[in-house]
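Please open the structure in your viewer and keep the sequence panel beside it. The stops below are given in the order in which to select them.

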Amino acid sequence: MGGKQDQDEEAYGKPAKYDPSFRGPIRNRSCTDIICCVLFFVFILGYIAVGILAWVYGDPKQVLYPRNSTGAYCGVGENKEKPYLLYFNIFSCVLNTNIIAIAQNGLTCPTSQVCVSSCPKAPWTVEPKQFSQTVEQVFYAADRKFCLPGVPGNMQVLQSLQQELCPSFLLPSTPALGRCFPWTNSTVPELPGISNTSISQSISGLLDSLNARDISVKIFEDFAQSWYWILVALGVALVLSLLFILLLRLVAGPLVFVLIIGVLSVLAYGIYHCWEEYRVLRDKGASISQLGFTTNLSAYRNVQETWLAALIILAVLEGVLLLMLIFLRQRICIAIALLKEASSGLPGCEKVPMNTSCDPMEQVNSSCPGLMCVFQGYQSTGLAQRSLFNLQIYAVLGLFWTINWVLALGQCVLAGAFASFYWAFHKPRDIPTFPLGSAFLRTLRYHTGSLAFGALILTLVQIARVILEYIDHKLRGAQNPLTRCILCCFKCCLWCLEKFIKFLNRNAYIMIAIYGKNFCVSAKNAFMLLMRNIVRVVVLDKVTDLLLFFGKLLVVGGVGVLSFFFFTGRIPRLGKNFENPQLNYYWLPIMVHYGEPCVFQVCILGAYLIASGFFSVFGMCVDTLFLCFLEDLERNDGSADRPYYMSKSLLKILGKKNKGTPGDKKRKK
C-alpha cells in the first residue's frame with residue numbers, strides 16, 4: 001500500500017521539500033510573465049483609444065431619441081415640438097419579426113415613420129370614398145398631421161397611400177420609449193390578411209416587452225420614497241453576513257454535522273415517499289407496459305417503475321453518503337477546522353436595387369409595388385465607421401479581459417494576505433503590519449503579467465461560449481435534431497472547460513502570491529499539489545460549498561422576508577418614525593407582469609450581492625489556507641527543527657503534535 005501511494009505521488013510531482021528559509025510569501029521576487037504584462041498594457045491603451053473614438057464619433061442621441069423615415073431625430077432640432085414617433089403600419093413590426101430582432105435594429109420597422117407632437121387618441125380609417133380626395137381635404141383640414149414632411153396637399157389620397165406617404169389608419173396610442181404604441185383594448189380596424197386576434201396579441205406582447213413610461217416613473221417614485229429603508233435592508237444583509245462568519249468560527253463543527261444529518265434525513269424521507277408510492281401503484285397493478293411510450297412526462301408518475309427507479313437512486317445516494325461519512329470523517333474534521341481558521345420578393349421587383357442610397361423626400365417611381373425610401377443608417381465614409389464591427393469585437397474582448405484581470409487581482413491580493421497569516425509562527429506577532437496593502441503592492445509590482453495571462457485564457461474560453469451562443473441563436477429556426485445535439489455538447493464542454501480554468505486560475509493565483517513564480521509554473525504546482533491530495537480537495541470543496549450556500553440562503557431569505565413584511569405594512573407597532581412608505585409596487589406579482597425592478601427586488605438583489613462578496617472572500621481564505629495546510633504537511637514533520645505551522649485544532653485532528661514550540665530554536669533566515 002505504501003509503495004503504491006508513493007508511486008501515485010510521484011505521478012503528480014514530488015512533495016515540497018523542507019526549506020529553512022521559507023517564512024510565507026516570498027519578499028525577494030522578480031517580475032513574471034513580462035510579455036503578457038506589456039501586451040496587456042498595450043491592449044489597455046488600445047481600449048482607451050476605442051473609448052476616445054466612441055466619444056468623438058458616437059452620438060448619444062441615437063439612444064435617447066427615435067428617428068423618422070428621413071433619419072431626423074424626434075424631439076430635437078426642427079422636430080423639437082414633435083417628440084414621439086408614429087409607425088404607419090406597426091403590425092409590419094410585430095407580426096413579421098420578433099422583439100429581439102426589433103431591439104437589435106434600434107426599434108426600426110419596414111414601414112414609414114413620422115415625428116408627431118402627440119399620439120392618436122381615437123381610431124380612424126381611410127374610407128374608400130376618400131381615395132379620390134386630396135391630402136389637404138382628408139388629413140390637413142381634419143387636423144390629422146401624420147403624413148411625411150413635404151407631402152403636397154393637392155396629392156390624391158390613393159397615391160399617398162400607395163407610396164406610404166400618409167397612414168391608411170390610426171389607432172389610439174400611448175407613448176412608450178418615445179414611440180406611439182396602440183392600446184391593448186383599442187378597436188382594431190379590418191386589415192387584409194391579418195386577424196384581429198393576432199393584432200391584439202402582438203400589441204399586448206409588444207407593450208409587455210417594452211413597458212410604459214408611467215410605470216418607470218412610479219417605480220422611480222418608490223425608490224425616492226424608500227431609498228433609506230433600502231440602505232437599512234442592505235445594512236442588515238451586511239450584519240447577517242458578518243454574524244454567519246462569526247457563527248462558523250464558534251460552531252462550525254456542529255453546523256456542518258447538522259447540515260449533513262439534514263441532507264441524509266431528506267434523502268431518507270425521499271426513500272420512504274418513493275416506497276409508499278411504489279407500494280400503492282404496485283398493488284393497483286399500474287405498470288409501464290400498460291402505459292407504453294408517451295411524450296407526456298407527467299404520465300410516468302402513475303407507474304410503479306418510475307418510483308422504483310427513484311427509490312433505487314436515492315438509496316444508492318444515501319448509501320454513498322453514509323460510507324463517505326464513515327470513511328472520510330477525519331477529512332471532514334480537517335475541513336471544519338480550516339473553516340474555523342478561515343472565519344477568523346414581388347413580381348416586378350427583381351431588378352430593383354436594394355440597400356442603396358436614396359432621398360426619402362423624393363417620390364419613388366417604380367413598377368415594384370410598396371417600394372419606398374426608408375432611413376436605415378448613414379454611409380460609412382470614415383475609417384472608424386468602416387471598422388465599427390471590428391471595434392465592437394475589440395471592446396467586447398477588452399471588457400471580458402479587464403473584468404477577469406480585476407477579479408484575478410482581488411484573488412491574488414487576498415491569497416497573499418491570508419498566506420501571511422498562516423505562515424506566521426506566533427500569531428498575531430509575526431503577521432505583517434499591513435498584510436493586505438503589502439500583498440496589493442507586491443502583486444501590482446511583480447505579477448500584473450501573470451494575472452493578465454490567466455485572465456486572457458479565461459477570456460478566450462468565455463468569448464468562444466458567446467460565439468457559440470450567437471451561432472445557436474442564429475440557427476435556431478433551421479436546426480435539425482443532430483445539429484442541436486452537437487451544439488448542446490459543444491456548449492456543455494465549453495461550460496465545463498470554463499469552470500475548470502476558473503478553478504485552476506484561482507489556485508494558481510494563490511501559488512503566485514506565495515512563491516512569486518510565473519503563471520504556468522504556479523498553475524502546474526497548484527494542480528500537482530491538489531492531485532496529491534485529491535480526496536481532501538473534494539471533501540473540503542463540497543463542505544465549503546454547502547456551508548456558503550446555506551449562508552447565502554440565510555442572508556438573502558432573512559432580508560427578503562423582513563423587507564416584504566416591512567414594505568407591505570405587516571409589522572405592527574413600529575412607531576411613527578418607522579412607518580413603511582406608501583409604494584406603488586411591492587414585490588413579485590408586479591415584477592413578473594411588468595418586467596420592472598421594484599423595491600423588494602432591489603433589497604433581495606443587494607442582499608445577494610453583499611452575501612456573495614463576503615462569502616467569496618471567505619471562500620478564498622479557505623482555499624488559501626488549505627493549500628498552505630497541504631504544503632505544511634509536506635514540508636514539515638513536527639520536529640523541533642521543522643515544526644508545523646498549522647493550528648492546534650488541526651494538529652489534534654491529525655493526531656500530530658510539535659515536539660518543540662515554534663521559535664524555540666532559532667531558525668535560519
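**Stop 1: the cysteine pairs**

Start by selecting Cys119, which is buried at a relative accessible area of 5% (buried means under 20% relative accessible area, exposed over 50%, partly exposed in between, with a 1.4 Å probe and protein chains only). This is a predicted model, in which local features need pLDDT of at least 70 and side-chain atom pairs count only at pLDDT 80 or more, while totals for chains, interfaces and linings use all residues. Residues are numbered from 1 along each chain as its sequence is written, and side-chain values use heavy atoms, with hydrogens and water left out.

Cys119 sits in the loop between S2 and strand S3 (124-125) and Cys180 in strand S6 (residues 179-182), so the bond ties together parts that are 61 residues apart in sequence. Helices (H or I, at least four residues) and strands (E, at least two) are DSSP runs, numbered from the N terminus. The torsion about the S-S bond of Cys119 and Cys180 is about -85°, so this disulfide is left-handed. Cys180 is buried too, with a relative accessible area of 3%.

How many disulfides does a search of the whole structure find? It finds three. Select Cys74 and Cys115 for another of them: their sulfur atoms are 1.9 Å apart. This pair links distant parts of the chain, with Cys74 in the loop between helix H3 (61-64) and strand S1 (84-87), and Cys115 in strand S2 (residues 113-116), 41 residues apart. The S-S torsion of Cys74 and Cys115 is about -80°, so the disulfide is left-handed. Cys74 and Cys115 are both buried.

Next select Cys147 and Cys166, which a disulfide joins at 2.0 Å from S to S. Cys147 lies in the loop between helix H6 (135-140) and helix H7 (157-162), and Cys166 in the loop between H7 and strand S4 (169-170), so the pair ties together parts that are 19 residues apart in sequence. Is the link of Cys147 and Cys166 left-handed or right-handed? With 115° about the S-S bond, the link is right-handed. Cys147 counts as buried at 8% relative accessibility, and Cys166 is buried with a relative accessible area of 3%.

**Stop 2: cysteines without a bond**

Go to Cys489, whose sulfur is 4.3 Å from the closest cysteine sulfur, in Cys485, too far for a bond. Cys492 is in no disulfide either, and the nearest cysteine sulfur, that of Cys496, is 4.3 Å away. Cys489 is partly exposed, with a relative accessible area of 43%, and Cys492 counts as partly exposed at 45%.

**Stop 3**

Select residues 304-327, which make up helix H11. Its 24 residues should span 34 Å at 1.5 Å a residue, and its end C-alpha atoms are 35 Å apart, which agrees (the expected span is 1.5 Å times one less than the number of residues). Which residues of H11 are buried? They are Gln304, Trp307, Leu311, Leu314 and Glu318.

Gly270 and Leu311 are 41 residues apart in sequence and 7.6 Å apart in space, C-alpha to C-alpha.

**Stop 4: the nonpolar cores**

Select Tyr422, Phe629 and Met646: of the 65 residues in the largest nonpolar core, these touch the most other members. A nonpolar core is a set of buried Ala, Val, Leu, Ile, Met, Phe, Trp, Tyr and Cys residues joined through side-chain atoms within 4.5 Å. The largest share of this core, 15 residues, comes from helix H21 (residues 599-635). A second, separate core of 21 residues includes Phe146, Leu148, Leu170 and Cys180.

**Stop 5: confidence**

Colour the chain by pLDDT, the predictor's confidence in each residue, from 0 to 100. The mean pLDDT of the protein chain is 74, and 70% of its residues reach 70 or more. Among the elements, helix H20 (residues 588-594) has the lowest mean pLDDT (34) and helix H18 (residues 519-531) the highest (91). Over residues 584-597 the pLDDT is below 50, and this stretch has 31 contacts in the model beyond near neighbours in sequence (contact means heavy atoms within 4.5 Å).

Definitions and conventions. A disulfide is a pair of cysteine sulfur atoms within 2.5 Å.
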